[in-house]
Amino acid sequence: MEPSAIEQLRSGGRLPGHVAIIMDGNGRWAGARGLPRYRGHRAGARAVREVIEGAVEAGVPILTLFAFSQENWQRPPREVSALMALLQQYVKKERDELREQGVRVRIFGDLERMESGPRAAIAEIEEATLGGRILQLNLMISYSGRMEIVRAARSLAADVAAGLLDPAHIDEAVFAARLFTGSQPDPDLLIRTSGEQRVSNFMLWQVAYTELHITPTLWPDFTRQDLFEAIIEYQKRERRFGRIGAT
Ligand code: IPE
Ligand code: IPE
Ligand code: MG
């Protein structure tokens, strides 16, 4: 019998310590079915659950999901409201199960822009899952990579102005520690669904040496099997980090 994807992945070498996903293609998924865009987002929420379970099953310790960008605020107000309502529903509905699975949820982004309902739900899930040790889940909401870098620079500048920090002591590690992801390792693998070949302002600092996996699959169709396959493919890559190959 062919080994299952999960067996292959367990024997295939190093697992990525951190997987990030740009969850794209909900609108096209809905459009292809003659449905309104929010139905695609609703179906996308199912894929989120699927991929979290898959990450736990595979033993990936950190998963970062791009759920809503700062640029996405420019979508029609109806779509933005539907997305925020879905988000609020999702975190309420999944809270207990995520806690039981040992998932620690953190939400990163410019949360000031969000309304009080979804913001409260977010605070609640972060609090409820604080003890999770199996999987660290970063949900990027109202997030942009450049904004994250600017925030880090501003925070360092404030410390310098207050005499707390010598500019000569700012190195890459000091800078990275001010990003939302703080001391977490950079993603080893970045998956983007729906075939778009761009990073759309996602984790610009952190993806410096991340392996990219772009799949035509639309986000609502993405399954744990697709995650496993992406990881198996990742395990076959040779990462050089600017050096020369092993052979
Ligand atoms: C991704 O799907 C979800 C968000 C960006 C919030 P899209 O809504 O971007 O779907 P497409 O790209 O239009 O198909
Ligand atoms: C990126 O998808 C943002 C998220 C997946 C949340 P978009 O659909 O917003 O990206 P572009 O506009 O195609 O670059
Ligand atoms: Mg899109």
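## Around ligand 1

Ligand 1 has 13 residues around it, and those that come nearest are Asp-24, Gly-27, Arg-28, Arg-37 and Arg-75. Keep in mind as you explore that this is a predicted model.

An N or O atom in the side chain of Arg-75 is 2.7 Å from an oxygen atom of ligand 1. For the side chain of Asp-24, the distance from an N or O atom to an oxygen atom of the ligand is 2.8 Å. Arg-37 has a side-chain N or O atom 2.9 Å from an oxygen atom of ligand 1.

## Around ligand 2

Which residues surround ligand 2? They are Ile-22, Met-23, Asp-24, Phe-66, Ala-67, Phe-68, Ser-69, Asn-72, Arg-75, Arg-192, Arg-198 and Ser-200.

In Ser-200, a side-chain N or O atom is 2.6 Å from an oxygen atom of ligand 2. The side chain of Asn-72 has an N or O atom 2.9 Å from an oxygen atom of this ligand. With Arg-75, the distance between a side-chain N or O atom and an oxygen atom of ligand 2 is 3.3 Å.

## Helix α3 beside helix α4

On the α3 side of the contact are Arg-37, Tyr-38, His-41, Arg-42, Ala-45, Val-48, Arg-49, Ile-52 and Glu-53. They meet Glu-79, Ala-82, Leu-83, Leu-86, Tyr-90, Glu-94, Glu-97, Leu-98 and Gln-101 of α4. By type, the residues of this contact are nine nonpolar, seven charged and two polar.

## Helix α4 beside helix α5

Helix α4 (residues 77–101) also meets helix α5 (residues 116–128), and their axes come within 9 Å and cross at roughly 15°. The two helices are therefore roughly parallel to each other. Their crossing is left-handed.

Where do α4 and α5 meet? In α4, the residues are Met-84, Leu-87, Gln-88, Val-91, Lys-92, Arg-95, Leu-98 and Arg-99, and in α5 they are Gly-117, Pro-118, Ala-121, Ile-122, Glu-124, Ile-125 and Ala-128. Nine of the contact residues are nonpolar, four are charged and two are polar. Leu-98 is one of the α4 residues in this contact, and Leu-98 is also among those that meet α3.

## Helix α3 beside helix α8

Now return to α3, whose axis comes within 8 Å of the axis of helix α8 (residues 224–235), with a crossing of roughly 45°. That angle makes α3 oblique to α8. The crossing is right-handed.

From α3, the residues Glu-50, Val-51, Glu-53, Gly-54, Ala-55, Glu-57 and Ala-58 meet Arg-224, Leu-227, Phe-228 and Ile-231 in α8. The contact is made up of six nonpolar residues, four charged and one polar. Glu-53 takes part here, and Glu-53 is listed in the contact with α4 as well.

## A loop residue, Leu-111

Finally, look for Leu-111 in the loop between β3 (103–108) and α5. What does Leu-111 touch, leaving aside residues up to four places away in sequence? Its partners are Arg-119 and Ile-141. Ala-152 is 41 residues from Leu-111 along the chain, and the C-alpha atoms of the two are separated by 16 Å.

Methods: Residues are numbered from 1 along each chain as its sequence is written. Chains are lettered from A and ligands numbered from 1 in the order in which they are written. This is a predicted model: local features need pLDDT of at least 70, side-chain atom pairs count only at pLDDT 80 or more; totals for chains, interfaces and linings use all residues. Side-chain values use heavy atoms; hydrogens and water are left out. Axes are lines fitted to C-alpha atoms, for helices over the stretch in contact, and angles run from 0 to 180 degrees between N-to-C directions. Helices (H or I, at least four residues) and strands (E, at least two) are DSSP runs, numbered from the N terminus. Angles under 35 degrees count as roughly parallel, over 145 as roughly antiparallel, 65 to 115 as roughly perpendicular and the rest as oblique. A crossing is left-handed if the near helix is turned anticlockwise from the far one by less than a right angle, and right-handed if clockwise. Contact means heavy atoms within 4.5 Å. Ala, Val, Leu, Ile, Met, Phe, Trp, Tyr, Cys and Pro count as nonpolar, Asp, Glu, Lys and Arg as charged, and the others, Gly among them, as polar. A residue is near a molecule or strand if one of its heavy atoms lies within 4 Å of it. A polar contact is a pair of N or O atoms within 3.5 Å; within protein, one must be able to donate a hydrogen and the other to accept it, and residues adjacent in sequence count only if both atoms are side-chain atoms.
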